Amino acid sequence: MPSLDPRAPLVLDTRELSRRPGSQREVTRTVPAPADLGIEVLAVPEGSPVDLDLRLEAVMEGVLVTGTARTVLAGECVRCLEPITDPDVVEVDARFQELFVYDDDARRGEPDPDDGTRSMEGDLLDLEPVLRDAVVLGLPFQPLCREDCPGLCVECGARLADDPDHHHDEPIDPRWQALTTLRPDGD
Ligand SMILES: [Zn+2]
Ligand SMILES: [Zn+2]
């Protein structure tokens with residue numbers, strides 16, 4: 001497994017805590033969003049700012065990280081495909097708490113399959129997977145531009161929110177539609 005890069009924006013150095021239980025450090029930093037921070041339809045654009053407010057606290061087994069991440073998502077409404085601007089959807093204020101245990105045993109960085117804890121690499125810890133989990137957990141699977149988005153016209157694709165009276169003068173008669181789907185080789 002590659003070692004952590006101490007200069008990486010989401011790698012934190014806990015040396016100042018000296019592994020003394022009770023010692024604490026506040027960290028406030030703005031980092032560029034890593035790639036794929038989000039889900040397919042709603043994500044933080046890579047490189048856009050993520051504001052982190054963290055408290056690192058040494059405990060017996062390791063370092064407890066408590067914090068918030070604030071950032072802004074970009075995505076499209078799953079009904080009408082317009083960019084989403086609703087602040088309730090795109091503004092993220094994710095809270096998280098994670099214990100990173102000292103890596104005195106061989107585990108490095110990976111969550112322990114038994115209890116889910118993550119381990120440190122020496123004095124370094126990697127916040128990226130924690131940030132990713134915290135942001136993704138709060139996302140709606142079907143983001144909408146507004147709760148009652150009427151979506152698109154099924155016949156022509158027009159955006160119904162722009163044109164509430166939208167209709168087609170000659171809707172296809174359902175009886176004729178049934179005929180058009182009959183196939184010569186059908187049953
Ligand atoms: Zn919409
Ligand atoms: Zn239409």
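**A zinc site and a buried threonine**

Along the sequence, the residues that donate to the zinc ion (ligand 2) follow the spacing C-x2-C-x9-H-x1-H. The model is a predicted one, and everything below is read from it.

Looking at the site itself, the zinc ion (ligand 2) is held by the SG atoms of C153 and C156 together with the NE2 atoms of H166 and H168. These protein donors lie 1.9 to 2.3 Å from the ion. The geometry comes out as tetrahedral, because the angles subtended by the four donor atoms run from 103 to 115 degrees and four donors count as tetrahedral if all angles lie between 85 and 135 degrees. For four tetrahedral donors, the ideal angle at a metal is 109.5 degrees.

H168, at 28%, counts as partly exposed.

With a relative accessible area of 5%, T71 is buried. A polar atom of the T71 side chain lies 2.9 Å from the backbone oxygen of P49. P49 also turns up among the contacts of T71 once neighbours within four places in sequence are set aside, along with V44, V50, V90, E91 and V92.

Terms used:
Residues numbered from 1 in each chain as written. Chains lettered and ligands numbered in written order. Predicted model: local features only at pLDDT ≥ 70, side-chain atom pairs only at ≥ 80, totals over all residues. Heavy atoms only, no water. Donors = N, O, S within 2.8 Å, 3.2 Å for Na, K, Ca; no water. Tetrahedral: all angles 85-135°; square planar, octahedral: opposite > 155°, others 65-115°. Buried < 20%, exposed > 50% of the residue type's maximum accessible area, 1.4 Å probe, protein only. Polar contact = N/O pair within 3.5 Å; in protein donor to acceptor, adjacent residues only side chain to side chain. Contact = heavy atoms within 4.5 Å.
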